[in-house]
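Please open the structure in a viewer and keep the selection tool at hand.

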Amino acid sequence: MGIPIVSGGGGGEGLDMLSERAAKMRDSLQKSQSITENMVSILGSFDHRLSALETAMRPTQIRTHAIRRAHENIDKTLKAAEVILAQFDLTRQAEAKILKGPHEDLESYLEAIEQLRGNIRFFSNNKSFKSSDGVLSHANSLLAKAILKLEDEFKQLLSSYSKPVEPDRLFEGLPSAMRPSSGSPGGQPDANGKNPSSNVHHHEHHQNNAENASYNPPSLIPPRILPLLHDLAQQMVEAGNEQQLVKIYRETRSSVLEESLRKLGVEKLSKDDVQKMQWEVLEAKIGNWIHFMRIAVKLLFNGERRVCDQMFEGFDSLKDQCFADVTAGSVAVLLSFGDAIAKSKRSPEKLFVLLDMYEIMRELHSEIETLFKGKACNEIRESALGLTKRLAQTAQETFSDFEEAVEKDATKTAVADGTVHPLTSYVINYVKFLFDYQTTLKQLFREFESGDDSNSQLAAVTMRIMQALQTNLDGKSKQYKDPALSHLFLMNNIHYMVRSVRRSEAKDLLGDDWVQRHRRIVQQHANQYKRIAWAKILQCLSIQGLTSSGGSGVGADGGPNSSGVSRAIVKDRLKTFNIQFEELHQRQSQWTVPDTELRDSLKLAVAEVLLPAYRSFLKRFGPLVENSKNPQKYIRYTPEDLDRMLNEFFEGKTLNEPKR
């Protein structure tokens, strides 16, 4: 601190004071130094003591640390023990639930299985515990029992809710136009299973409706049950029991599916069974089969696919495998019938049912590809495609057979009345009905032909069939002893062909040129008929040969006839005319011209030739006979009588036919 300096007169006094203070300060400093030295000495002493104390305490510290670590280890061990005990407790809880079974509380049962799996994982990761092996053995044994009970529950649940679908329930899923009418056989719509020719124009319209129709597959297993089955299936897969799962599903569902089809009317028929059937019976069964195929694919198989997809969601390979296993038997039964038809003996009447069968397989092709996807379904897809190809091949061969059969038809029995031959109506109906299958036939041509477009191919085939028919009819016409009837027969049949073509879609395909050409042929045969049938009788009304040299004659007024016409010859002519006309009337009244317009036209054509000639003959030569004895013996008919009798020609009347 600063030392005050006293100035002035009191300086000595100030120095004394200063000295005194300085002395005090020296004393203080000395004391302080002494104290400091003492403290250093004391502190030095403490340092030695502390060092000794630390040396003495070190063993105690080590023991304390060891005790602390021991306590920590004990805590950890206790905590580990608590975890282990908790696992044991969970195992006991899981065991209790598992022993109780899954039926009453499936959710708790599945939770217990998950707990058990967790315990197994825990003890597998902690095998240092002495009891781990024993616990694991017990837990695994318990898990195996749990899965077996799960399998039983899955099987029982699946069986309980897997019932065959009644036909009526299936029909409800069909579009309204395809639902069966009451009493129709086989549970099919009226349009199916009938003779195609009896319903000529239903086909394309029905086909278009089928392609655009909406279907509603039934729920084969209640939606509320499917999640439970899914959970059970998932547990079985996780337990490695996939094969057992597939086996249970296949055995349960396949029999139900097959029974649903049996109830619908599907039969197991072999190729031999098919060969032995009457055509009418077989045709009805084919109609039913087409209906069954649509129901099976669109409703039953579709519904089964939905069940598989939901039940095995997350396991794609299982979906396809189970679906293939369940449907394989049913598909085989359906396709085997189609194969039997495709491989059976070919005949013309089978063409349309083959085309129907081919069409349904093509209609269902994309859906079959979608439903039967995946490697597991390869064989089923290939079987369906194989049947489609076989049906196409057989239809094509049958079509070729028909053309040949028409030309070579060896029916010997001629139609006695010259009307339209059954072969003609059969072939024309056949051809007309082919046009209901234009789309299908064009598809066939695309598969088997190359080069020309399908329209020109269909036209060419149709023309060949028509030509084959004409060739056959020409041959049949030669069976008639009466050439007039032969021409009438050809006139009737070719007219029927022309009229049928003009009224059908064949007209657009064959063209106006074909129609006009064949109309001329009809007219030519009509003219030939007139010439041959009436030429001889018209000779009776000719003036040629009426004059007789040296014979007496009379004029028109009964006097002498300058022309020298013989009364005897006139009488003979009239007598011959009567006999011939009566014979023509008796015979040709039994002949038939079925087309009203053609019949009237032909009668008129005959009348226009016969009646004027008869009137002229009577006017000119009738007086020669009228003035003689019994004139009615010769002039038996008036022109009006002839006209009336001509109207009875070609009516197909049943009379005792005279020998020709």
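The stops below begin with the chain as a whole and then turn to particular side chains.

**The whole chain.** Please note that this is a predicted model. Display the protein chain as a cartoon: its secondary structure consists of 21 helices and zero strands. The chain has 660 residues, and 45% of them are buried. Among contacts with a separation of 6 or more, 80% join residues 24 or more positions apart. Switch to a surface view next; the accessible surface comes to about 35,400 Å², and carbon and sulfur atoms contribute 51% of that area.

**A nonpolar patch.** Select Ile35, Met39 and Ile42, which form a nonpolar patch on the surface. Together these residues have about 280 Å² of accessible area. Ile42 belongs to helix α1, which covers residues 11-100. Ile42 has a relative accessible area of 42% and is therefore classed as partly exposed.

**Charged pairs.** Side chains of opposite charge can pair when their charged atoms come close. How many salt bridges does a search of the whole structure find? The search finds 27, and the next stops visit some of them.

**Arg253 and Glu304.** Select these two residues, whose side chains meet in a salt bridge at 2.7 Å, N to O. Arg253 lies in helix α7 (residues 242-264) and Glu304 in helix α9 (residues 279-311), so the pair ties together parts that are 51 residues apart in sequence. Are Arg253 and Glu304 buried or exposed? Both Arg253 and Glu304 are buried.

**Arg464 and Glu403.** Move on to the salt bridge between the side chains of Arg464 and Glu403, with an N to O distance of 2.9 Å. Arg464 is in helix α15 (residues 454-477) and Glu403 is in helix α12 (residues 378-408); the pair links distant parts of the chain, 61 residues apart. Arg464 is partly exposed, as its relative accessible area is 40%.

**Asp409 and Lys476.** Here the side chains form a salt bridge at 2.8 Å, N to O. Asp409 is located in the loop between α12 and α13 (422-434), whereas Lys476 is in helix α15, so this pair ties together parts that are 67 residues apart in sequence. The relative accessibility of Asp409 is 24%, so Asp409 counts as partly exposed. Lys476 has a relative accessible area of 3% and is buried, because the cut-off for buried is under 20%.

How values were computed: Residues numbered from 1 in each chain as written. Predicted model: local features only at pLDDT ≥ 70, side-chain atom pairs only at ≥ 80, totals over all residues. Heavy atoms only, no water. Helix = DSSP H or I, 4+ residues; strand = E, 2+ residues; numbered from the N terminus. Buried < 20%, exposed > 50% of the residue type's maximum accessible area, 1.4 Å probe, protein only. Contact = heavy atoms within 4.5 Å. Areas by Shrake-Rupley, 256 points an atom, 1.4 Å probe, with all protein chains shown as cover. Patch = residues over 30% accessible without salt bridge, like charges linked within 9 Å, V, L, I, M, F, W, Y side chains within 5 Å. Salt bridge = Lys/Arg side-chain N within 4 Å of Asp/Glu carboxyl O.
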